[in-house]
Amino acid sequence: MMKKIMLPSCLLAISMLAGCGGSAQKGEDLEVPTDLPPICRDIDFVANPDMREVCGVRKASHNMAYRNIPQQRYLIKPAETSIVKTNGKLELRFQNSLPIILEGPITSELEFSQEKRLERVKNTYDYHEITRKGYERLRIFKMGIPTDKGNKYDFCFRIPEKKGNDRTRSKAMGVNIEMMACSEFDNIVSAK
């Protein structure tokens with residue numbers, strides 16, 4: 001009688017331990033920094049745990065669950081561009097520029113998980129540089145960002161000319177990319 005009672009309780013304990021190990025296998029408890037070097041971006045840190053320390057990835061401790069750990073997905077164009085989910089918001093991050101907040105339905109249609117981190121977002125990128133007589137150079141681009149739900153959203157931007165001169169402007173200063181209406185973008189491109 002005692003053996004029958006102990007066997008189910010042992011199975012229960014083993015299944016509970018296996019359940020705990022299962023969540024670690026998914027990699028949901030990993031804290032992956034958003035400033036990974038390019039060589040570390042395509043590594044599966046669940047399958048290659050020996051690369052975690054080299055790339056600055058660590059396990060997120062459960063007692064720090066209140067912390068918001070940023071999650072990131074890279075885009076294919078332009079290079080070094082990513083979408084970061086932090087504080088419940090999506091930020092589009094270009095190299096050497098300030099982050100741009102993305103709003104609308106895209107915020108709930110992009111997935112951020114360990115598996116999705118390894119998949120680059122296959123976006124479209126349409127860049128135009130226009131110089132008209134009497135006007136300063138106009139640099140504009142449109143990005144089409146597909147979501148995991150199958151939808152695609154277009155976002156349009158203007159890159160303003162840098163103000164000042166080499167003495168007053170640091171090369172380390174970021175560019176403040178501005179959002180613009182895609183209808184305005186289409187009008188400018190069709191008129192050139």
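This is a predicted model: local features need pLDDT of at least 70, side-chain atom pairs count only at pLDDT 80 or more; totals for chains, interfaces and linings use all residues.

Reader: How should I understand the pairing of strands in general?

Author: Strands of a sheet pair through backbone hydrogen bonds, and the pairing is either parallel or antiparallel. As a case in this structure, β3 pairs with β4 (residues 82–86) in the antiparallel sense, over four bridges.

Reader: Which residue in β4 is the bridge partner of Arg 73?

Author: The bridge partner is Ile 83.

Reader: May we turn to disulfides? What is such a link in general?

Author: A disulfide is a covalent bond that connects the sulfur atoms of two cysteines. This structure holds two disulfides. One of them joins Cys 40 to Cys 55, with an S to S distance of 2.1 Å.

Reader: Why is the disulfide of Cys 40 and Cys 55 left-handed?

Author: It is left-handed because the torsion about the S-S bond of Cys 40 and Cys 55 is about -80°. Cys 40 lies in the loop between β1 (30–31) and α2 (52–55), while Cys 55 lies in helix α2, so the pair ties together parts that are 15 residues apart in sequence.

Reader: Are Cys 40 and Cys 55 buried or exposed?

Author: Both Cys 40 and Cys 55 are buried.

Reader: What can be said of the disulfide of Cys 156 and Cys 182?

Author: The sulfur atoms of Cys 156 and Cys 182 are 2.2 Å apart. This link is right-handed, with 110° about the S-S bond. Cys 156 belongs to strand β9 (residues 152–159) and Cys 182 to helix α5 (residues 182–191), so the pair ties together parts that are 26 residues apart in sequence. Cys 156 has a relative accessible area of 1%; because buried means under 20%, Cys 156 is buried.

Reader: Finally, how much space lies in the second largest pocket?

Author: The second largest pocket holds about 210 Å³ of space. It is lined by 14 residues, and those closest to its centre are Phe 94, Gln 95, Tyr 125, Ile 159 and Ile 177. At least two residues of this lining come from each of β7 (124–130) and β8 (138–146).

Reader: What is the lining of the second largest pocket by class?

Author: The lining has nine nonpolar, four polar and one charged residues.

Key:
Residues are numbered from 1 along each chain as its sequence is written. Side-chain values use heavy atoms; hydrogens and water are left out. Two strands pair if DSSP finds at least two bridges between them. On a 1 Å grid over the protein atoms alone, a cavity is a set of points where a 1.4 Å probe fits but cannot get out, and a pocket is an open set with protein on both sides within 12 Å along at least five of seven lines; lining residues have an atom within 4 Å of a point. Grid points are joined across faces, edges and corners, and a volume is the space filled by probe spheres set on the points. Ala, Val, Leu, Ile, Met, Phe, Trp, Tyr, Cys and Pro count as nonpolar, Asp, Glu, Lys and Arg as charged, and the others, Gly among them, as polar. A disulfide is a pair of cysteine sulfur atoms within 2.5 Å. Buried means under 20% relative accessible area, exposed over 50%, partly exposed in between (1.4 Å probe, protein chains only).
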